[in-house]
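Here is a short note for a colleague who is new to this structure. Please read the points with the model open.

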Amino acid sequence: MEYEVVKLKIEMPAEEFVKGYVDVPRFLSCCEKCPGFGKTWACPPYDFDPVSVWSRFSSVMLYGKKLVLGESLRETAMEPEALLRLSGFIFENARKALLEELMAMEHEHIGSLALSAGGCSFCEVCTRGEGLPCRLPEKMRYSVESLGGDVSKALRECFGVELKWAENGRLPEYFVVLGALLKM
Ligand code: SF4
């Protein structure tokens with residue numbers, strides 16, 4: 001598929017990130033409106049305070065990718081269903097690849113924790129619905145947003161990147177996926 005990948009990476013003290021970019025009540029109320037709310041162990045509501053996760057670490061490395069789509073992908077307008085399918089395909093592949101990279105970094109940095117971009121889709125049906133523990137705790141990671149992180153603000157202020165959406169049946173100019181590595 002024709003697109004150019006631009007890496008996004010910046011590191012700052014965890015305290016600074018929490019002060020500038022974490023607002024748990026605001027993002028919890030956004031998550032409550034999502035159909036995925038409470039459906040997987042990687043989504044709120046949690047039985048812990050998300051702020052307690054950020055405060056265990058001394059720094060936050062934001063790490064993401066901007067996928068700049070080629071003109072050939074954007075020149076033709078699509079039906080809503082096809083547009084949704086193609087957007088989902090591009091985003092999901094980028095999200096999975098990003099998490100793999102972050103997990104490799106987590107492995108290299110003792111005591112670190114990777115945060116994904118978006119929810120968990122490892123299992124066809126999550127065990128949460130049955131009240132059973134997560135099937136793959138070694139793989140499942142919370143997303144930045146689900147712990148109250150303001151991804152849109154962080155992208156804008158740290159990288160000068162605005163989130164873009166599909167419009168008039170056409171793919172956006174680019175997609176962005178943003179995760180993080182929390183370091184001790
Ligand atoms: S890894 Fe599977 S069981 Fe665990 S949160 Fe994700 S979907 Fe649910």
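1. A residue counts as buried if 20 or more other C-beta atoms lie within 10 Å of its own, with the C-beta atoms placed from the backbone. By that count, β4 is mostly covered: 8 of its 10 residues are buried. For the protein of 184 residues, the buried share is 27%. Keep in mind that this is a predicted model.

2. Start with the overall layout. The protein has 6 helices and 4 strands. Along the sequence they follow the pattern β-α-α-α-β-α-α-β-α-β. The radius of gyration is 17 Å, close to the 16 Å that the globule rule gives for 184 residues, so the protein is as compact as a globular protein of that length. Its C-alpha atoms fill a box of roughly 45 × 40 × 30 Å along the principal axes.

3. Next, the contacts. Take those with a separation of 6 or more: residues 24 or more positions apart account for 80% of them.

4. Now the sheet. In what order do the 4 strands lie? They form an open sheet, β1-β2-β4-β3, with antiparallel pairing. β1 (3–13) and β3 (113–115) stand at the edges with a single partner strand each, so one side of each has no neighbour in the sheet. From one strand to the next, the twist averages 15°.

5. Go through the pairs one by one. β1 and β2 (residues 59–69) are joined antiparallel over 11 bridges. There, Val 5 stands opposite Leu 67 of β2. β2 and β4 pair over 10 bridges, again in the antiparallel sense. As background, strands of a sheet pair through backbone hydrogen bonds.

6. Helix α1 (residues 14–21) packs on it, touching β1, β2 and β4 (174–183). The direction of α1 makes about 110° with that of β1. Helix α6 (residues 151–159) lies across β1, β2 and β4. Relative to β4, α6 runs at about 90°.

7. Finally, the ligand. Which residues are closest to the ligand? They are Trp 41, Cys 120, Cys 123, Cys 126 and Cys 134, out of 14 residues that surround the ligand. The shell divides into 9 nonpolar, 2 polar and 3 charged residues.

Methods: Residues numbered from 1 in each chain as written. Predicted model: local features only at pLDDT ≥ 70, side-chain atom pairs only at ≥ 80, totals over all residues. Helix = DSSP H or I, 4+ residues; strand = E, 2+ residues; numbered from the N terminus. Rg over C-alpha atoms; globule rule 2.2 N^0.38 Å. Buried ≥ 20, exposed ≤ 12 C-beta atoms within 10 Å, placed from the backbone. Contact = placed C-beta atoms within 7 Å. Near = placed C-beta within 6 Å. Nonpolar A, V, L, I, M, F, W, Y, C, P; charged D, E, K, R; others polar. Pairing = 2+ DSSP bridges. Axes fitted to C-alpha atoms, helices over the stretch in contact; angles between N-to-C directions.
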